[in-house]
Amino acid sequence: MDRNILKWNFIFQYGYVITNIFNALILLPIYLHKIDASTLGVWLATGNILAWMTLADPGVGDVLQQKIAQLRGQNQPEEINLTIGSGIVTSLFILLLAIVAGIAFFFLIGAIINKDVSQYEGLQVALLISIIATGMSLVSFSLSGINQGLQNSAQVAIGSLSGNFIFLISNVVLLYLGYGVISIAFANLCRAFYINIYNYSALKKQLKREHLKIIFQLEHLKKFVKIFSFTSFSRIIGGFSASLDMIVLARFVAPSMITIFEINKRPIQMTQSLIGRHSVALMPLISHANGKGNVAEIKTLIYTQFKYYSYAAIFIGFCFITNYENLITIWTGVGKYAGNSVVFLLVGSFFFTLIGYFMSNMGYALGDIKMNSFITIIKGIVSGLLYYIASKHFGLIGLLVVMLFVSITVDFLLFSYRLNKLGFLNSKFIGDILKKWLLIIPLSALFSLGITYGFNLIIPGGMRIVSLLLNGISFTVVFIILLLIFDKDLKYTIQNKFSSIFSKRFDKQELSNNP
């Protein structure tokens, strides 16, 4: 396992999400200040509809990453050349299809959300720009997937992170020049063009280094396209269901309430993406090791990384439960917190979705693409139907209950069961991790609530930043202690790490004293 590649994978995945979070933390308050609340609410809802353009992409980037990494492990350069050629041609066709779909959705948006979009300043122009930006983003996914499959992770990371800074700078400048929602769309377009140019340049250099070529062959293209028979349908169903929460709410609640929900959902959603990227970073190496037949190495990597991954999900979940009102109020002002019921349901869905996401990505990386897609189809159909029914009769709370139910039954249970059937998640490991959860989760709940109650007694209500910091620091210390008590392997790993660091420093000091 190449640790340097794994390092760059983590830099890419975590860096991409962290810069997105950084951008959102800066930009959302500016959006609220520079864009009318109703216009912003409708933009958020219509943005989800335009996101349906991405359904034209059957997951080419993910498939390219998995196939090329596996072929590289099997040392099949000719097949890699053909796969790259087929992938690029497919992505160009998808770009055309996505733009056609985007134009169609543009004319249907008003009917879908039951609003006259022409009444909102700059919205129609922003939507048209977004059509081009979204199409270009789909091409960048394919180029990133090829580079990731070739283990060219460093350049993917650099291109994506610098692209996010370009998005931030162009967005802020245009917002302060008074372009409103057009600023968001144009900034997305700038980022998409930049990332495509950077990724293609990096790909050409990598191909030259490895003596590979881009070869197009019609017969190979036909074989390549067959892979998407399941993935394309699952992407369509999954994409519709993922965006239905905001679209359904747009039919049954006021636009200003959509903005409140989005504000409360955004930090949880961003953190979910941040933690989830941990599993995405493992995928190219899992596929490469699978191509070499290193089963034991794959199991060790999955078991070790999943444990750390689940601890992160538990820790963040409890931080949100006890600090979320302060976080939202500090970030966006008084009156924007949606209430404990909404937040608790969001946090529950956050945890079970993250666990399922890890299992899903591991199965995908191991080549279980068809079954992975089939489960996604089931999830999309079930959630899509239930979202509409629950929202219509029970509003936002009904939608969130359905979201939690689907997260547990589909994401958590089905994807875990599938990885177990593949032979990479045995009962011993499941039992061991569940025992740790049964100890750590109740004690974390007890301590987090106790810490919050104690600080609420001694810290005035207006000192929200102080309360947030003290709560966070105190619970972090307690949670680390709990992990060290109940996870002996983690304790020994940390001890060995520190011993190694001090040993190296001691050796250097000895060398300097004895030239």
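Modeller: Contact here means heavy atoms within 4.5 Å. This is a predicted model, in which local features need pLDDT of at least 70, side-chain atom pairs count only at pLDDT 80 or more, and totals for chains, interfaces and linings use all residues. Residues are numbered from 1 along each chain as its sequence is written, and side-chain values use heavy atoms, with hydrogens and water left out.

Colleague: Thanks! Let's start with N23: which residues is N23 in contact with, leaving aside its neighbours within four places in sequence?

Modeller: N164, F167 and L168 are its contacts on that count. N23 itself sits in helix α1 (residues 3–34); helices are DSSP runs of H or I with at least four residues, strands are E runs of at least two, and both are numbered from the N terminus.

Colleague: Is N23 buried or exposed?

Modeller: Buried means under 20% relative accessible area, exposed over 50%, and partly exposed in between, with a 1.4 Å probe and protein chains only. N23 has a relative accessible area of 2%, so it is buried. Its side chain also reaches the backbone oxygen of N164 at 3.2 Å.

Colleague: Now helix α3. What should its 14 residues span?

Modeller: The expected span of a helix is 1.5 Å times one less than its number of residues. For α3 (residues 60–73) that gives 20 Å, and the end C-alpha atoms are 20 Å apart, which agrees.

Colleague: And how many residues of α3 are buried?

Modeller: The count is 11 of the 14, so α3 is largely enclosed by the rest of the structure. Among them are V60, V63, L64, I68 and L71, along with the polar Q65, Q66 and Q70. Just after α3, N75 takes a positive phi of about 55 degrees.

Colleague: How do I read the nonpolar core? Which residues touch the most other members?

Modeller: A nonpolar core is a set of buried Ala, Val, Leu, Ile, Met, Phe, Trp, Tyr and Cys residues joined through side-chain atoms within 4.5 Å. In the largest one, of 127 residues, they are Y31, W43, L150, I286, F306 and L400. Helix α11 (residues 295–332) gives this core its largest share, 17 residues. Apart from this core lies another, of five residues, including V17, I21, A24 and L274.

Colleague: What about the protein as a whole: how many helices and strands does its secondary structure come to?

Modeller: There are 16 helices and zero strands. Of the 515 residues, 52% are buried.

Notes. A polar contact is a pair of N or O atoms within 3.5 Å; within protein, one must be able to donate a hydrogen and the other to accept it, and residues adjacent in sequence count only if both atoms are side-chain atoms.
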